Amino acid sequence: MKILVIEDEVLLAQSLKALLEKKGFEVECVYDGEAGAQYAGLGVYDLLILDVMMPKLNGYQVARQVRASRCGVPILMLTAKSGLEDRIQGLNAGADYYLTKPFDSRELLACINALLRRQGGQVDELVMGNTALDLASCTLVCGERSVRLSAREFDVMRLLLQVGSGVLSKEVILARVWGYDSNAVENHVEVYVGFLRKKLASIGSNLRISARRRLGYCLEVGEPC
């Protein structure tokens, strides 16, 4: 499960990251509203934890942008502003829950679990066509046949499945799998897409990773190999 923390207090953001990673979540942090809106727009997160008072864009503006893009990801808003009008503004902007600072970590975790249950977000596999990606074992499964993926292959495949038939650019795949600060180049994406195509074929999958010229890659369901 992927959680994006959008919080300009770096120490708090890192504390949240450490707490959530201990609970088995995969967590990324960004430290201003503009970056938060850009990351959220990738559509690959299961939950957003969003501060209100931030530079560039505040939390209300970020939530409105996320909802305007028809993204239904749960939003947990964190803020020191505890007034009724503030809570109403946060909920009207698109937040699903409004938690005031300071908060108990147990309450935070309870809110996160409730929001993920409500979204049906606690899943063990991603499925498309006749193929499933087992998230626990990093394995592609098609009927009785399966193949184990490397860490990079798993990250690329999961990203493609999360987006479904939508197109992912090589730039987005690089940023999400290798990281914005990585020295990896587009050829790395092409190489791992090639690995995945061979592994999909090896298990008789009807999934195809199709290239869209100057756009990127998407998944399509065709005939089994």
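**Exercise 1.** At what angle do helix α6 and helix α8 pack, and how far apart are their axes?

*Solution.* A word on the source comes before the steps. This is a predicted model, in which local features need pLDDT of at least 70 and side-chain atom pairs count only at pLDDT 80 or more, while totals for chains, interfaces and linings use all residues. Residues are numbered from 1 along each chain as its sequence is written, and side-chain values use heavy atoms, with hydrogens and water left out.

Step 1. Identify the helices: α6 covers residues 151–163 and α8 covers residues 186–202. Helices (H or I, at least four residues) and strands (E, at least two) are DSSP runs, numbered from the N terminus.

Step 2. Read the geometry: the two helices pack at an angle of about 85 degrees, with axes 10 Å apart. Axes are lines fitted to C-alpha atoms, for helices over the stretch in contact, and angles run from 0 to 180 degrees between N-to-C directions.

Step 3. Classify the angle. Under 35 degrees counts as roughly parallel, over 145 as roughly antiparallel, 65 to 115 as roughly perpendicular and the rest as oblique. Helices α6 and α8 are therefore roughly perpendicular to each other.

Step 4. List the partners, with contact meaning heavy atoms within 4.5 Å. From α6 come Arg152, Glu153, Val156 and Met157, which meet Tyr192, Phe195, Leu196, Lys199 and Leu200 of α8. By class, the residues of this contact are six nonpolar, no polar and three charged. Here Ala, Val, Leu, Ile, Met, Phe, Trp, Tyr, Cys and Pro count as nonpolar, Asp, Glu, Lys and Arg as charged, and the others, Gly among them, as polar.

Step 5. Examine one partner. Tyr192 of α8 is in contact with Ser150, Arg152, Glu153, Val156 and Trp178, leaving aside neighbours within four places in sequence.

**Exercise 2.** What span should α6 have, and which of its residues are buried?

*Solution.* Step 1. The expected span of a helix is 1.5 Å times one less than its number of residues. The 13 residues of α6 should therefore span 18 Å, and the end C-alpha atoms are 19 Å apart, which agrees.

Step 1. Buried means under 20% relative accessible area, exposed over 50%, and partly exposed in between (1.4 Å probe, protein chains only). In α6 the buried residues are Glu153, Phe154, Val156, Met157, Arg158, Leu159, Leu160 and Leu161.

Step 2. After the helix comes Gly164, with a positive phi near 70 degrees.

**Exercise 3.** How do the axes of α3 and α4 cross, and which residues make the contact?

*Solution.* Step 1. The axes of α3 (residues 59–68) and α4 (residues 84–93) come within 8 Å and cross at roughly 25 degrees. The two helices are therefore roughly parallel to each other.

Step 1. On the α3 side the contact is made by Tyr60, Ala63, Arg64 and Arg67, and on the α4 side by Asp86, Gln89, Gly90 and Ala93. Three of these residues are nonpolar, two polar and three charged.

**Exercise 4.** Are Gly33 and Gly36 buried or exposed?

Step 1. Gly33 counts as buried at 0% relative accessibility, and Gly36 is buried with a relative accessible area of 0%.

Step 2. Not counting residues up to four places away in sequence, Gly33 touches Met54, Pro55, Leu57 and Val62, whereas Gly36 touches Leu4, Ile6 and Val30.

**Exercise 5.** How many disulfides are there?

*Solution.* Step 1. A disulfide is a pair of cysteine sulfur atoms within 2.5 Å.

Step 1. The sulfur of Cys138 is 18 Å from the closest cysteine sulfur, in Cys142, and this is too far for a bond. The count by the rule is zero disulfides.

Step 2. Cys142 counts as buried, at 9% relative accessibility. Cys138 lies in the loop between β7 (131–134) and β8 (139–142).

**Exercise 6.** Where is Lys56 placed, and what is its phi?

*Solution.* Step 1. Lys56 is in the loop between β3 (47–51) and α3, and counts as exposed at 61% relative accessibility.

Step 1. Its phi is positive, about 75 degrees, although Lys56 is not a glycine.
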